[in-house]
Structure formats: C-alpha cells, structure tokens
Amino acid sequence: MAKRIEVKDLDIYYDKFLAVQGVSMTIQPRSVTALIGPSGCGKSTFLRTLNRMHELVPNARVDGKIFMDDDDLYGAAVDPVNVRRQIGMVFQRPNPFPTMSIYDNVAAGLKLNNKRLRKAEMDEVVERALSAANLWEEVKDRLPKPGSGLSGGQQQRLCIARAIAVQPDVLLMDEPCSALDPISTQAIEDLMLELKEKYTIVIVTHNMQQAARVSDMTGFFNLRGVGQPGELVEIDETTKIFSTPSKKATEDYISGRFG
Ligand SMILES: Nc1ncnc2c1ncn2[C@@H]1O[C@H](COP(=O)(O)OP(=O)(O)OP(=O)(O)O)[C@@H](O)[C@H]1O
C-alpha cells in the first residue's frame with residue numbers, strides 16, 4: 001500500500017497533438033500531491049497517464065517512463081487493467097452506478113476484479129470501505145437503496161469507498177469537489193487528510209485554497225505559450241509554492257495575476 005510514483009521525461013500525446021511535454025516528478029507515498037494550473041495546461045491529462053487511463057482515448061499515447069516503486073507501469077508485460085486496480089480514480093462528477101444499490105456500488109470494484117468473496121467477507125469489505133470514506137454511519141440502514149438516492153457529497157464519498165474497496169496503492173482525484181457544496185467539500189477534504197495515512201493521493205484542483213489546505217506537495221502546470229504544450233513549471237512543498245515559489249510564472253499564478 002501507499003507506493004511512490006516516479007515520472008521521468010513524460011510527453012503526452014492525443015494522436016499527433018503534444019498536449020504535455022517533459023514532465024518529471026516524484027510523488028511521495030502517504031502524502032497528498034496537488035496539481036494546479038490554468039485551464040487546458042494538461043493537469044487532468046497528466047493525471048490520467050498515472051493509471052493508464054489516458055490511452056483509452058483512441059490514438060492517445062505517452063513517451064517516457066512512470067514507475068510505481070520499482071514497477072515500470074508502461075512495461076511491455078504490464079496489464080493496464082491491473083494498473084487501474086492498483087491506482088484508483090475519483091472523478092469530478094460523482095458517478096455511482098445509478099441503478100445499483102449503495103452496497104453493490106462498493107462491491108462492484110471487487111466483482112469487476114473477479115474477487116470471489118463469501119457474503120460475510122463482502123459485508124466486511126463494504127463496511128470497512130464505507131467507514132474509511134466516512135459514509136458508513138449515514139448509509140448503514142439503507143444499503144439496499146440505490147446509490148443515486150444519496151446527496152452529491154454522499155455520492156462522492158460512495159465513489160471514494162468504491163475506489164478504496166479494492167485496496168489500491170494510489171488514489172487519483174480529478175477535481176473531486178468541484179461539483180460539491182462547501183460542507184460536502186469539507187467532508188472530502190477531511191477524508192483526504194485521513195486517507196493519506198494509508199495511500200498516496202494525487203489531486204487535480206482549480207481551488208488554490210484547497211490545494212493549500214490538503215496537500216503536502218504542489219505541482220504547478222502551465223502552458224509553455226499559446227499553441228504550445230503544457231509543462232510542469234515546478235513542484236515543491238505546498239508551503240513553499242504558496243509563499244516563496246522559485247519561478248515567476250508560479251508566483252504570478254498563485255497571486256492571481258493570471259489564470
Ligand atoms: N480527448 C481529448 N482529445 C484531444 N485533445 C484533448 C482531449 N482531452 C484533452 N485534450 C487537450 O489536451 C490539453 C490539456 O487538457 P486537460 O483537460 O488535460 O487540461 P486541464 O489542465 O486539466 O484543464 P482544465 O483545468 O480546464 O480541466 C488541452 O489542449 C485539451 O484540449
């Protein structure tokens with residue numbers, strides 16, 4: 001659990017379009033790394049390369065290397081489906097399976113991974129995942145009800161429970177709070193701080209206060225220029241990025257001068 005990710009010289013393409021160029025970074029285990037930057041600079045695209053979801057877009061590909069601990073995630077023998085099991089993802093809009101019950105939503109990941117568990121074992125996994133997602137108390141009396149009947153914030157915690165039920169090593173979150181009200185946002189932020197005890201967490205956020213509140217490290221992405229690819233300008237401790245960043249572009253962005 002909680003593995004380190006090492007990205008080396010990563011170029012990311014959509015067909016012939018070079019969307020992001022030359023990213024190298026180390027993402028530490030048991031920490032939250034926030035990725036910030038203006039719209040279109042490639043934060044989400046980069047995030048999706050970390051669990052090989054990027055290549056689900058036809059003709060999308062990467063050049064470069066990504067290691068999880070010592071495993072080359074893009075190695076020839078690696079099954080991308082297995083990578084996606086080890087590196088879970090939570091999206092901007094909560095996306096529980098709408099007709100499935102709350103219970104089955106959490107169990108779904110395990111079933112998709114062909115884990116055959118006895119009912120009592122499955123009950124235990126579901127309870128553990130919902131508890132870890134701070135949702136158990138709110139839903140324990142209505143587990144057979146549809147997941148779509150929950151509030152937006154509860155649905156997002158349900159999606160987090162679904163992601164962690166399979167015990168991933170890394171959790172990717174792409175703007176997980178942007179569709180949520182402030183109270184639900186706070187619940188998710190509190191949850192991130194708890195989950196980082198066990199997981200490596202990478203979050204894309206437009207909200208700089210959120211990055212400052214929840215993350216240990218912050219990476220600032222920017223477009224190299226109009227019509228140019230996105231790039232990682234710098235990554236450092238969050239306190240440093242928001243007080244004394246090394247690069248002027250970062251300072252301009254965090255002080256609201258652009259973006
Ligand atoms: N499926 C796709 N096919 C082709 N180009 C894409 C695709 N998805 C994104 N892009 C392009 O890749 C670049 C980076 O987009 P991406 O969504 O990763 O940026 P972002 O920083 O996450 O933006 P935002 O903050 O607005 O979500 C953009 O030029 C975008 O148009």
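## Helix 1, a mostly covered helix

Helix 1 is mostly covered, since seven of its eight residues are buried, where a residue is called buried if 20 or more other C-beta atoms lie within 10 Å of its own, exposed if 12 or fewer, and partly exposed in between, with C-beta atoms placed from the backbone. The buried residues of this helix are Lys-43, Thr-45, Phe-46, Leu-47, Arg-48, Thr-49 and Leu-50. Helices (H or I, at least four residues) and strands (E, at least two) are DSSP runs, numbered from the N terminus. After helix 1 comes Arg-52, whose phi is positive, near 60°.

The model is predicted, and local features need a pLDDT of at least 70, side-chain atom pairs count only at pLDDT 80 or more, and totals for chains, interfaces and linings use all residues. Residues are numbered from 1 along each chain as its sequence is written.

## The chain as a whole

The secondary structure of the chain comes to ten helices and ten strands. The radius of gyration of the chain is 18 Å, close to the 18 Å that the globule rule gives for 259 residues, so the chain is as compact as a globular protein of that length; this radius is taken over C-alpha atoms, and the rule is 2.2 Å times the number of residues to the power 0.38. Along its principal axes, the C-alpha trace spans about 55 × 45 × 30 Å.

Buried residues account for 42% of the 259 residues. Two residues are in contact if their C-beta atoms, placed from the backbone, lie within 7 Å, and among contacts between residues at least 6 apart in sequence, 69% join residues at least 24 apart.

## Around the ligand

The shell around the ligand consists of Tyr-14, Phe-17, Ala-19, Gly-37, Ser-39, Gly-40, Cys-41, Gly-42, Lys-43, Ser-44, Thr-45 and Val-57, a residue being near a molecule if its C-beta atom, placed from the backbone, lies within 6 Å of it. The elements that give two or more residues to this shell are strand 2 (17-27) and helix 1 (43-50), and the largest share, three residues, comes from helix 1.

By class, the shell has five nonpolar, six polar and one charged residues. In this grouping Ala, Val, Leu, Ile, Met, Phe, Trp, Tyr, Cys and Pro count as nonpolar, Asp, Glu, Lys and Arg as charged, and the others, Gly among them, as polar.

## The nonpolar core

The largest nonpolar core has 69 residues, and those with the most contacts inside it are Ala-161, Leu-171, Leu-172 and Ile-201; such a core is a set of buried Ala, Val, Leu, Ile, Met, Phe, Trp, Tyr and Cys residues joined through C-beta atoms within 7 Å. Helix 6 (residues 152-165) gives the most to this core, with seven residues. When neighbours within four places in sequence are left aside, Ile-201 is in contact with Val-32, Leu-171, Met-173, Met-192, Leu-195 and Lys-196.

Leu-130 has its place in helix 4 (residues 119-132), and it counts as buried because it has 27 C-beta neighbours inside 10 Å. Apart from neighbours within four places in sequence, Leu-130 is in contact with Val-106, Leu-135, Trp-136, Val-139 and Ala-161. In helix 3 (residues 102-112), the buried residues are Ile-102, Asn-105, Val-106, Ala-107, Gly-109 and Leu-110, and what covers them includes helix 4, helix 5 (136-139) and helix 6.

Strand 7 runs parallel to strand 6 (residues 87-90), and four bridges join them; two strands are said to pair if DSSP finds at least two bridges between them. Here Gly-88 stands opposite Leu-171. Strand 7 also pairs in the parallel sense with strand 8 (residues 200-204), over five bridges, and the partner of Leu-172 in strand 8 is Val-202.

## Positive phi in two loops

Most residues other than glycine have a negative phi. Arg-30, however, has a positive phi near 50°, and this residue lies in the loop between strand 2 and strand 3 (32-36). With 16 C-beta neighbours inside 10 Å, Arg-30 counts as partly exposed.

Glu-175 also has a positive phi near 50°, and its place is the loop between strand 7 (170-174) and helix 7 (182-195). Glu-175 is buried, with 20 other C-beta atoms within 10 Å.
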